[in-house]
Amino acid sequence: MKAPKRIDDISIEWLTYALSEGGVIEPTNKVLGASPELIGENVGFLSCVARVSLEYDRDSDRAPRSVIVKLEPNAGGFRDIGDDLHAFEREIHFYRDVAPRVAIRLPTMYFAST
């Protein structure tokens, strides 16, 4: 399933897919409601960032009540810089390969795609 390009494109279907693929919710669990709130645009190193409050079809101790969704900018200077530096690929590799081995508190990455 293709990742959203804009905060307004974040769907309950995509959230269900991403959280299920990330092993955060059971494949039979579904996101029923999602309320995105833009908390930064072109902030947090070249990105658009939203906090998304979530509602599920059933309770689960593992299912987060909210997630942060970070998206690449659609176009322009920020996108060009990010592409030139491979910024998003590097960030994904950091969270997949390095973060589990460091002794500092970091956000948990549930899902990533480029």
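In which strand does V69 lie? V69 lies in strand β3, where strands (E, at least two residues) and helices (H or I, at least four residues) are DSSP runs numbered from the N terminus. The model is a predicted one, in which local features need pLDDT of at least 70 and side-chain atom pairs count only at pLDDT 80 or more, while totals for chains, interfaces and linings use all residues. Residues are numbered from 1 along each chain as its sequence is written, and side-chain values use heavy atoms, with hydrogens and water left out.

**The sheet and its helix**

Strand β3 belongs to an open sheet of 3 strands, ordered β1-β2-β3 with antiparallel pairing, two strands being paired if DSSP finds at least two bridges between them. The edge strands, each of which pairs on one side only, are β1 (31-41) and β3 (66-71). On average, and with direction ignored, neighbouring strands of this sheet are turned by 25° against each other, the axes being lines fitted to C-alpha atoms, for helices over the stretch in contact, with angles running from 0 to 180 degrees between N-to-C directions. Strand β2 (residues 48-56) is joined to β3 by 6 bridges, and the two run antiparallel; R51 has I68 in β3 as its bridge partner. Helix α1 (residues 12-21) packs on the sheet, touching β1, β2 and β3, and its direction makes about 90° with that of β1, contact meaning heavy atoms within 4.5 Å.

**The surroundings of V69**

With a relative accessible area of 6%, V69 is buried (buried means under 20% relative accessible area, exposed over 50%, partly exposed in between, with a 1.4 Å probe and protein chains only). Not counting residues up to four places away in sequence, V69 touches I10, W14, C48, V49, A50 and V52. The C-alpha atoms of V69 and A112, 43 residues apart along the chain, are separated by 9.7 Å.

**Aromatic pairs**

The structure holds 3 aromatic pairs, where rings of Phe, Tyr and Trp (its six-membered ring) pair if their centres lie within 6.5 Å, and planes under 30 degrees apart count as stacked, over 60 as edge-to-face and the rest as tilted.

Y17 is partly exposed at 27% relative accessible area, and F111 is partly exposed at 26%.
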